[in-house]
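Let's take a walk through this one together. Have a look at the fold, and then we'll go through it piece by piece.

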Amino acid sequence: MELRKFSLTSYKGYAEQAEVEVAPLTILVGPNNAGKTALAQALQLLAGGLAAPDDTTGEPLPLQSGGVRHGDSFEDLVTGRAVHGLLRLSITLAGDAGESSIDVAVRNVVEAARPPERLLFEWRLKHNDREVVAERQGFDSGAKYNVTVNGEEPIHESLDWRGLLPREPDVLAPWVRSHVDDLRNWATGIRHLRCPRRLGTSPFLAPESTPTDIRPDGGDAQLVLAADAVLREAVRDWYGATFGVRIDIAAQGRYAELVTGTPARDGDVKLAQSGRGLSHVLPVAVTALSARGAGPGADVIEHPEAELHPAAHAHVAELLLNNLAGPRRPLIAETHSQVLLLRARRWIAEGRIPAGDVLVYWIHAEPGRGSLVEKIAIRDDGEMERWPHGVFIEDYEEILAIRRAARKRG
């Protein structure tokens with residue numbers, strides 16, 4: 001399954017529908033507090049509902065999923081923190097058998113003498129020309145759903161949910177189960193790296209097998225390296241080329257330690273005791289260099305360039321571009337780095353990747369409308385299709401100011 005797009009409405013700052021079409025590399029840019037991080041984390045929020053554990057009861061959207069805390073209460077997820085707010089999310093995936101999409105609406109219900117309850121009010125699954133729609137009839141805990149299959153006469157059913165998916169899909173229609181299983185399996189492949197990041201304690205107990213996930217804070221990165229010799233070599237090569245340092249796993253009996261050293265320095269030091277940038281970027285390197293072998297899903301990285309000198313931003317951009325896994329596992333990067341965007345444009349202009357492999361979204365806020373998402377495509381010559389005011393214009397404005405000052409003094 002391949003992620004094609006996702007959308008959200010009444011989610012945090014996004015009062016209006018925000019739709020994100022996904023390319024192998026999708027770049028989110030915009031000013032602070034515009035909604036970039038909320039948008040980046042929405043995919044993990046949705047995945048948490050799709051891949052909810054079997055013992056999940058009464059919570060369509062877990063407030064914590066994949067190690068990401070989305071809020072302290074459901075109101076934190078809804079625009080304006082509306083007590084009875086309705087949050088709508090959708091996602092579209094494509095596979096060998098065609099295109100599937102799921103659209104859900106979750107409402108918070110608060111009544112006297114009852115604890116607040118999140119109810120799945122609308123549920124819609126489409127696959128090619130087939131469709132199932134389930135609409136809840138009332139707020140009572142035992143309320144049934146009107147279930148309509150392919151536009152036929154609706155039937156009334158009591159439905160039990162496991163997160164955002166029906167626990168017994170066959171109740172809806174015989175063909176639904178396979179698509180529900182596909183959605184759940186795909187959602188387990190979402191990896192999200194938050195910012196800031198931190199490595200786990202060191203020394204650490206060497207793992208007997210490679211961990212399947214990297215925690216959102218990056219804390220498992222050294223465990224992955226310790227268990228995967230091929231990945232460790234790739235990461236070592238990248239650190240050497242980028243920073244001129246050696247990175248390695250030093251074994252100490254049953255324990256191991258992540259160390260670094262340079263040709264100019266005798267002995268090794270713990271990576272956590274070296275420059276902060278070296279340890280902060282390690283989970284990014286591990287995620288990028290393992291993407292092609294990670295299977296279907298998506299990788300989301302908040303500020304891959306964080307804590308690094310601007311001179312290293314181009315190396316991070318090359319790391320991400322060189323290791324794009326394609327539509328099967330797209331990368332969504334939230335960034336403040338102009339260099340990352342420029343390097344992607346350069347690769348397109350040089351013919352190293354197709355223009356369609358990169359999409360840019362400019363996220364900004366407008367009074368009375370909230371956070372807005374504006375898609376900007378890149379042409380084959382590397383030029384932006386259009387350039388909204390405020391997208392990395394600081395350097396240009398500073399240069400103009402310097403030239404004006406120079407003319408006045410001359």
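**Helices on a sheet**

Start with helix α8 (residues 338–349), which lies across β3 and β21 and runs at about 145° to β3. Angles here go from 0 to 180 degrees between N-to-C directions, using axes fitted to C-alpha atoms, for helices over the stretch in contact. Before going on, keep in mind that this is a predicted model, where local features need pLDDT of at least 70 and side-chain atom pairs count only at pLDDT 80 or more, while totals for chains, interfaces and linings use all residues. Residues are numbered from 1 along each chain as its sequence is written, and side-chain values use heavy atoms, with hydrogens and water left out.

So what do β3 and β21 belong to? They sit in an open sheet of six strands, ordered β14-β19-β20-β3-β21-β22, with mixed pairing. Two strands count as paired if DSSP finds at least two bridges between them. Helices (H or I, at least four residues) and strands (E, at least two) are DSSP runs numbered from the N terminus. At the edges you'll find β14 (190–193) and β22 (370–377), each pairing on one side only. On average, neighbouring strands of this sheet are turned by 15° against each other, direction ignored.

Helix α1 (residues 36–50) packs on this sheet too, touching β3 (25–29), β14, β19, β20, β21 (358–366) and β22. Its direction makes about 145° with that of β14. Contact means heavy atoms within 4.5 Å.

Now zoom in on one pair: β19 (residues 298–302) and β20 (residues 331–334) run in the parallel sense over four bridges. Here Glu302 stands opposite Glu334 in β20.

Next, the inside. The largest nonpolar core has 60 residues, and Leu43, Ile91 and Trp123 touch the most other members. Such a core is a set of buried Ala, Val, Leu, Ile, Met, Phe, Trp, Tyr and Cys residues joined through side-chain atoms within 4.5 Å, where buried means under 20% relative accessible area with a 1.4 Å probe, protein chains only. Helix α1 gives this core its largest share, nine residues. A second, separate core of 50 residues includes Val245, Ile247, Ala256 and Ile348.

Finally, step back. The protein chain holds nine helices and 22 strands, and 50% of its 410 residues count as buried. Its C-alpha trace spans about 75 × 70 × 45 Å along the principal axes.
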